[in-house]
Structures are given as structure tokens and as C-alpha cells.
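Let's look at a structure together and ask what its labels stand for. Take a moment with the picture before reading on.

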Amino acid sequence: MRSQYIVKDVLAEITSKLKPFIERASREAQLLLMGHLQEDELWLITNQKSEVTNVEKLFEWVDRRAKNEPLEYITNSVSFYSQEFFIAPGALIPRPETELLIDDVLKNFPDIDAKITFVEVGIGSGIISIVLAQHYKNAKFIAVDISADALKIAKVNIEKFEMQDRIELRLGSLLEPVDEHIDYLVSNPPYIADEVLLESNLSYEPQNALFGGSIGDEIIQNLLDEVLKRNINFFTCEMGYDQKGKIRDYLITKDFENLEFYKDYSDFDRGFTLKI
Ligand SMILES: C[S@@+](CC[C@H](N)C(=O)[O-])C[C@H]1O[C@@H](n2cnc3c(N)ncnc32)[C@H](O)[C@@H]1O
């Protein structure tokens, strides 16, 4: 390792280190360097000759990335709904398709001034409740997670976005820790079947955020039971691309007003809103 580095050279060196392991090596080199310097792309382009300090830490990051650890866990940063959130191992890395869950809530409940109670089951890093709280300024949020580690990460983001008086965190399973009346339930629960083999980079993510039971949709069915039992007016939920038929069949004999599915960016069925 050299004693002094400038942006241009450090980018070239990271790119060549990552190339054997990572597909978009040059782009990922930029992202790692931007994370290290806490600078944006424009700065990087216009400061090619600036000195880079603390390169040892940066090259440790590069080694972690070469072992396929997700970039977001290395830089502790993830973009969701055009905002930067804190992320760390212990909470699922937010996926772009979850932005569509937010859009579906906004479509189904356009009264953004309503004084209602939202509950989220499985808050993870906090992205869903935080973005919904930004839109529904008079709503109260209660967010549950079974993982204490995930709740710690959600707390960091809730403080970052100054939502401490809007979103209350509770440790527990499903709706067990919520006795209050719920107007709107949202969830992106674990929905992958236990025995499905996943790509190696997913092994870094908490397994209880991914796997939903031996069939996969057990948590979704539990939540549907709760929605019907407690007369929760709205329920928007993300699901696996192959779970639409089973969810429809499960609800076929039940009493509700409307069930509408939505698709993701690749045109796969990805979620639904149930109105009671
Ligand atoms: C797929 S992740 C979603 C995280 C975040 N809401 C998002 O969309 O990125 C599912 C979350 O549900 C939590 N979880 C799993 N089983 C649960 C249960 N029985 N009750 C409450 N939360 C649960 C996991 O800890 C995880 O944080």
C-alpha cells in the first residue's frame, strides 16, 4: 500500500481489487469511496486529484465487499424513497420494491391529514413507518419487531428523522404487544419458505427477516386473521411473487369489502391491500 493516495488512483486500485469478485467493480469502487469520504458523486468527479486519508479503513471495506458482504452494511447507509437511512447487520436491507408498498398505501388512503393509528409489524430499519409518517403528518405509529437488534437500528433512523414523538417501538411478535384500536396495518413480513436456498450475499442478513415458515406465507396468514378478528379497516402487505393465489383462496370465505394486489417493477405480484 502506498503512503499517499489521490482520488483517481484510489478508485483505480479499488476497481482492480474488486474486479475478480464483483460485477460492477468500477461503480462499487465509487460508492465505497463516496461512503468513506462522505462526499457525493459530483464531488468525486470534480476532485480527482484530492488526497484520500485513512485508506487502511477503506481497503478493509474493499476486502469485506470482495467477500460479498452487502455494500449497504459496509457503508452503513441505504437509500429508500430518495432518502438516506442508517443500516447495519441486524436489520434487513430495504429493497426498492418496498417503495411500492408506500405508494399503495397512499393510493388506498389519500386522506393524508387523517388522525389515524398505523401499526407496522416487522419494522426492521424503520423505513416504512418513517416514510409513511412523513406523508401522514397527523397519524400515530406503533411499530413492532420480534428482533431487539432491528429495533435498535429503527431507533437510530427514528432519531435521525426526528420522529420520536410520532413512532413508538414495541418488542414482540405480530400484534401481541398492541391492544389499541388499529386503523391501518402495514407489513413487509418475512415471506420466503424455510427450505429455499438463497444467494450467498443474503446470508449476511438476519434470517428471521427473510424466512416466514415452512410454506412461507404463515406470518401473512396470521396477520390476515388478526385483521379480520380486530376489524382493522386497512391492511397493506408485501408478499412473495407466487403467493397471490393462496392469499385469495384464504380470504374467499371471509367477509371484506375489497382486495387488490399490486405488482413490482419487474411485473411480479408483490403485495396487496385488504379493506374490511
Ligand atoms: C422482511 S423484514 C422487513 C423490514 C422492514 N420493514 C423493511 O421493509 O425493510 C421483516 C421484519 O419482520 C420481523 N419479524 C419476523 N417475524 C416477526 C414476528 N413474528 N413479529 C414481529 N416481527 C417479526 C423481522 O425481525 C424483520 O425485521
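A residue is buried if 20 or more other C-beta atoms lie within 10 Å of its own, exposed if 12 or fewer, and partly exposed in between, with C-beta atoms placed from the backbone. This is a predicted model, where local features need pLDDT of at least 70, side-chain atom pairs count only at pLDDT 80 or more, and totals for chains, interfaces and linings use all residues. Residues are numbered from 1 along each chain as its sequence is written.

Q: What makes α7 mostly covered?
A: Seven of its nine residues are buried. Those are Ile127, Ile128, Ser129, Ile130, Val131, Leu132 and Ala133. Helices (DSSP runs of H or I, at least four residues) and strands (E, at least two) are numbered from the N terminus.

Q: Why is a set of residues called a nonpolar core?
A: Its members are buried Ala, Val, Leu, Ile, Met, Phe, Trp, Tyr and Cys residues, joined through C-beta atoms within 7 Å. The largest such core holds 55 residues, of which Leu185 and Leu223 touch the most other members. Helix α7 (residues 127–135) gives this core its largest share, six residues. Another core lies apart from it, with ten residues, including Val7 and Leu33.
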